Amino acid sequence: MVKELVVAISLGILSTLLLSISIIGNDGGANYGSAFQSLALWTLSLVPLFISGLGFGIMSATASVITGAIVASLVLSPVFGLTYAILCGAPVLVIVRQALLWRGTEEEKFWYPTEYLLISWVGICVGLTIAAMVVVNMNDELQQGLITGFDQMLVQLKELKGVSPTLTAEEFVAMMPQFLGPMWGLFVLLSGSLAQGLLVRFGKNKRPTPKLTKMELPVWSALVFIAAVVLSIFLDGIWPILSAIVIALEIAFFLQGMAVIHVVSKRWNGRPILLGAIYMVLIIMLWPFLLVTILGLMENWIGFRRRFAVTTHQEED
């Protein structure tokens with residue numbers, strides 16, 4: 001018990017240290033290198049929290065989050081400590097709690113389904129969007145600073161590229177929360193995957209790694225996605241929460257689309273090369289991302305994976 005508590009506290013301190021370095025290290029100026037470094041450290045700062053939770057349980061994760069929040073409050077400021085607890089700690093605790101749910105017996109455990117774990121992640125993205133809206137709208141100084149920064153950026157864009165943006169700085173700032181929630185949600189998802197990979201590598205994971213190829217998002221989530229897209233079009237994207245739902249569910253159905261591709265591709269000759277080409281195209285261009293998302297959405301009604309089911313002797317991804 002004492003050993004696990006020491007590990008949890010240590011992981012909480014490491015998480016805050018990585019996040020603090022990303023912030024302090026970027027004070028000297030903004031460029032592509034420092035931005036990439038900050039993003040990498042933000043993502044890595046969540047990994048210790050996930051290791052604590054997925055490797056030692058929800059109580060350990062809670063201890064790590066509390067430790068991290070206290071350290072952040074002492075090192076930087078109480079406001080930053082509270083922000084750390086909400087933006088870093090809360091999403092990790094929700095995912096860890098859901099991921100470690102199971103039923104059955106000790107000999108045969110049925111873990112919380114992957115698709116509902118992903119639905120929980122969508123809810124986290126929406127919650128983060130609401131948090132971003134509250135922070136931006138309640139802090140006049142921050143809001144004005146963002147507007148001033150975007151004004152300068154738009155002026156430079158017009159001078160350097162000769163482009164006249166159709167949106168004002170105020171509109172950019174109003175739209176920010178709908179992207180910030182899902183973007184931070186992606187960092188959370190990536191961090192959790194990295195942590196689970198490390199735990200599996202050293203045999204310390206509490207639950208098996210969820211198999212995305214077997215994930216089947218519920219039909220109601222597809223209906224919610226379609227309804228949110230239609231409403232977003234008619235409302236001209238003025239509701240950040242609605243847009244966040246669209247973006248988060250789009251990512252979820254993209255992952256289901258990739259699951260379909262991985263299952264169907266088992267029948268292809270030269271599968272590794274073709275999969276590599278697909279991933280390369282997805283990195284380079286945007287429209288294939290939309291096609292894969294539509295494929296994942298259609299899977300709910302057509303069932304491509306059932307139609308192209310492989311024989312039992314073929315290796316599972």
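Two residues are said to be in contact when heavy atoms of theirs lie within 4.5 Å. With that in hand, the structure can be explored step by step. The structure is a predicted model, in which local features need pLDDT of at least 70 and side-chain atom pairs count only at pLDDT 80 or more, while totals for chains, interfaces and linings use all residues. Residues are numbered from 1 along each chain as its sequence is written, and side-chain values use heavy atoms, with hydrogens and water left out.

The protein chain holds 12 helices and two strands; helices (H or I, at least four residues) and strands (E, at least two) are DSSP runs, numbered from the N terminus. Read from the N terminus, the elements follow the order α-α-α-α-β-β-α-α-α-α-α-α-α-α. Of the 317 residues in the protein chain, 41% are buried, where buried means under 20% relative accessible area, found with a 1.4 Å probe and protein chains only. Among contacts between residues at least 6 apart in sequence, 73% join residues at least 24 apart.

Serine 191 belongs to helix H7, which spans residues 169-201. Its relative accessible area is 0%, so serine 191 counts as buried. Apart from neighbours within four places in sequence, serine 191 is in contact with Thr43, Leu46, Val47 and Phe50.

Helix H7 also takes part in the second largest pocket, giving eight residues, the largest share of the lining. A pocket here is an open set of points on a 1 Å grid over the protein atoms alone, where a 1.4 Å probe fits and protein lies on both sides within 12 Å along at least five of seven lines; lining residues have an atom within 4 Å of a point. The lining comprises 33 residues, and Leu118, Leu189, Ser193, Leu212 and Leu255 lie nearest the centre of the pocket. At least two lining residues each come from H2 (32-56), H4 (78-99), H5 (114-138), H7, H9 and H10 (271-284).

Helix H9 (residues 240-264) has a packing partner too: helix H11 (residues 287-302), at an angle of about 80° and with the axes 7 Å apart. Axes are lines fitted to C-alpha atoms, for helices over the stretch in contact, and angles run from 0 to 180 degrees between N-to-C directions. H9 and H11 are therefore roughly perpendicular to each other, a label for angles of 65 to 115 degrees. Among the residues making this contact are Phe253 and Phe254 of H9 and Phe289 and Leu290 of H11.

Definitions and conventions: Buried means under 20% relative accessible area, exposed over 50%, partly exposed in between (1.4 Å probe, protein chains only). Angles under 35 degrees count as roughly parallel, over 145 as roughly antiparallel, 65 to 115 as roughly perpendicular and the rest as oblique.
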